[in-house]
Amino acid sequence: MKNADVKIGGEYYAKVTNKKVVVRIDAANDAGGWDATNLSTNKSVRIKTAGRLEGPARAARSADAATGKRARKRVAKGKTGGESGNGRGEKKFSCLSAAATVLQERGEPMNTQEMIAAMAEAGYWTSPGGKTPHATLYSAILRELKKGDESRFVKVERGRFGVRT
């Protein structure tokens with residue numbers, strides 16, 4: 001955007017701490033830029049340049065709309081604590097639970113890359129876009145192994161895990 005396009009009292013999409021949020025421009029700042037309010041948190045922010053603004057936001061935006069959007073994101077990510085939206089009425093597996101289920105079904109030790117492939121094949125769990133889900137699973141299994149006898153997993157050999165029986 002350009003400085004001439006910014007109007008006091010207008011609502012714009014802005015990049016604030018690497019997030020795209022809706023801000024309301026409250027006043028021009030003496031040091032340059034604008035004083036604004038982040039509408040999702042109601043905190044004051046300073047927009048130093050028009051380059052941080054990505055265009056006008058919808059005119060009829062309220063705090064209720066922002067709250068509704070966050071609630072929809074939680075539901076989409078499966079963080080409501082209830083059943084997932086997979087249509088089958090089954091609860092969505094976590095990565096560790098899916099790994100334990102796959103190990104139990106196969107009955108043999110596996111490495112984390114094999115577990116990730118088997119979980120995706122069975123439809124238990126897929127990575128939400130991470131580049132190295134096998135490394136994340138490996139780390140999570142090692143953290144669970146620290147629980148000792150309460151752990152669902154056992155380390156059979158280097159890089160291979162089984163399920164505790």
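**Reading the labels in a predicted model**

Reader: Why is Asn 42 called exposed?

Author: This is a predicted model. In it, Asn 42 has a relative accessible area of 60%. Exposed means over 50%, so Asn 42 is exposed.

Reader: Where is the place of Asn 42?

Author: Asn 42 is in the loop between strand 3 (34-38) and strand 4 (43-47). Its phi is near 60°, a positive value in a residue other than glycine.

Reader: What makes strand 6 and strand 7 a pair?

Author: Two strands pair if there are at least two bridges between them. Strand 6 (residues 153-157) and strand 7 (residues 160-163) have four bridges, in the antiparallel sense. So they pair. In strand 7, Arg 160 is the bridge partner of Glu 157.

Reader: How many residues lie between strand 6 and strand 7 in the hairpin?

Author: Two residues lie between them. Gly 159, in the turn, has a positive phi of about 80°.

Reader: Which residues have the most contacts inside the largest nonpolar core?

Author: They are Met 115, Met 119, Leu 137, Ile 141 and Phe 153, in a core of 18 residues. Helix 2 (95-106), helix 3 (112-122) and helix 4 (133-145) each supply at least two core residues. Helix 2 gives the largest share, seven residues.

Reader: Which residues is Leu 137 in contact with, leaving aside neighbours within four places in sequence?

Author: Contact means heavy atoms within 4.5 Å. On that basis, Leu 137 is in contact with Cys 95, Leu 96, Ala 99, Thr 112, Met 115, Ile 116 and Met 119.

Key: Residues are numbered from 1 along each chain as its sequence is written. This is a predicted model: local features need pLDDT of at least 70, side-chain atom pairs count only at pLDDT 80 or more; totals for chains, interfaces and linings use all residues. Side-chain values use heavy atoms; hydrogens and water are left out. A nonpolar core is a set of buried Ala, Val, Leu, Ile, Met, Phe, Trp, Tyr and Cys residues joined through side-chain atoms within 4.5 Å. Buried means under 20% relative accessible area, exposed over 50%, partly exposed in between (1.4 Å probe, protein chains only).
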